[in-house]
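Subject: Structure handover

Hello,

Please find the structure below, with the sequence. My notes on charged pairs and nonpolar cores follow it.

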Amino acid sequence: ANNPVLSGTAGMWDERDVSWSTVLKNGNTYEMWYTSSGPGIGFATSPDGIQWTKHPGNPVLSQSWDGREVGLPTVLLDGSTYKMWFRAGGWGDGEIGYAESADGVNWTLHPNNPVLIPGAPTQWGEPVVRFVGGSDGAVIDGFTITGGSGELAGGIESEGTAVIIRRCLIEDNLAGGFPDHSAGGGIALFGPVTIEDSR
């Protein structure tokens, strides 16, 4: 009934939003670290997990080892040491950093950051079918489209053309996800495509 239990505070670093919290129960106190697009990671405590008091020094972690924004914390208490893993950077260039704290508020970044970086890019193949510019009016009818593996589209990719996909079965294709996660494993359509009687 009291939801939301934590919101941004007008005029403060987290006024736009709060998200992605991680919570520990330490004795009789709940401790929360949360993200804001402020940017940074804030800290709050609660006696019951519902009524929260934000730390007056928020954000408790505001930037990474190289000055980029931080967020999405995961925290555990190992003995008397708080250990935090967090994302540094944006969605397209994110890395995982690590920090330690004796009190959950004052954090020391590890000298070997980042502790996890993206792997080498996968070498993607091609979609099974690609409609390129100038193929307006093309029709693909009665085919099974399967086994494609492309970065932007797996089964069918349409590059801004007006085409028709009719009576087709599109299954078991894979897309890479693209930097902004806008790929289509089955179909990626960029244009006025008509799909009829297909699965």
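Glu 196 and Arg 166 form a salt bridge through their side chains, at 2.8 Å from N to O. The two residues lie 30 apart in the chain, with Glu 196 in strand 18 (residues 194-196) and Arg 166 in strand 14, so the pair links distant parts of the chain. Please keep in mind that this is a predicted model.

Arg 166 has another partner. Its side chain also meets that of Asp 141 in a salt bridge, here at 3.7 Å from N to O. Again distant parts of the chain are linked: Asp 141 belongs to strand 10 (residues 139-141), Arg 166 to strand 14 (residues 164-166), and 25 residues separate them.

Asp 141, at 28% relative accessibility, counts as partly exposed, and Glu 196 is partly exposed with a relative accessible area of 28%. Buried would require a value under 20%.

Arg 68 and Asp 66 make a further salt bridge between their side chains, at 3.1 Å from N to O. Here the two partners fall into separate classes of accessibility. Arg 68 counts as buried because its relative accessibility is 17%, with the cut-off for buried at under 20%. Asp 66 is partly exposed, its relative accessible area being 41%.

There is also a network of salt bridges, which links Glu 126, Arg 130, Glu 157 and Glu 159. How many salt bridges does the structure hold? The count is eleven.

Now the nonpolar cores. The largest one has 15 residues. Within this core, the residues with the most contacts are Trp 33, Ile 41, Leu 61, Val 75, Met 84, Phe 86 and Trp 107. Strand 3 (40-46), strand 5 (70-78) and strand 6 (81-88) are the elements that give two or more residues to this core. Of these, strand 6 supplies the largest share, with four residues.

As background, nonpolar side chains tend to be buried together in soluble globular proteins.

Regards

Methods. Residues are numbered from 1 along each chain as its sequence is written. This is a predicted model: local features need pLDDT of at least 70, side-chain atom pairs count only at pLDDT 80 or more; totals for chains, interfaces and linings use all residues. Side-chain values use heavy atoms; hydrogens and water are left out. A salt bridge is a side-chain nitrogen of Lys or Arg within 4 Å of a carboxyl oxygen of Asp or Glu. Buried means under 20% relative accessible area, exposed over 50%, partly exposed in between (1.4 Å probe, protein chains only). A nonpolar core is a set of buried Ala, Val, Leu, Ile, Met, Phe, Trp, Tyr and Cys residues joined through side-chain atoms within 4.5 Å.
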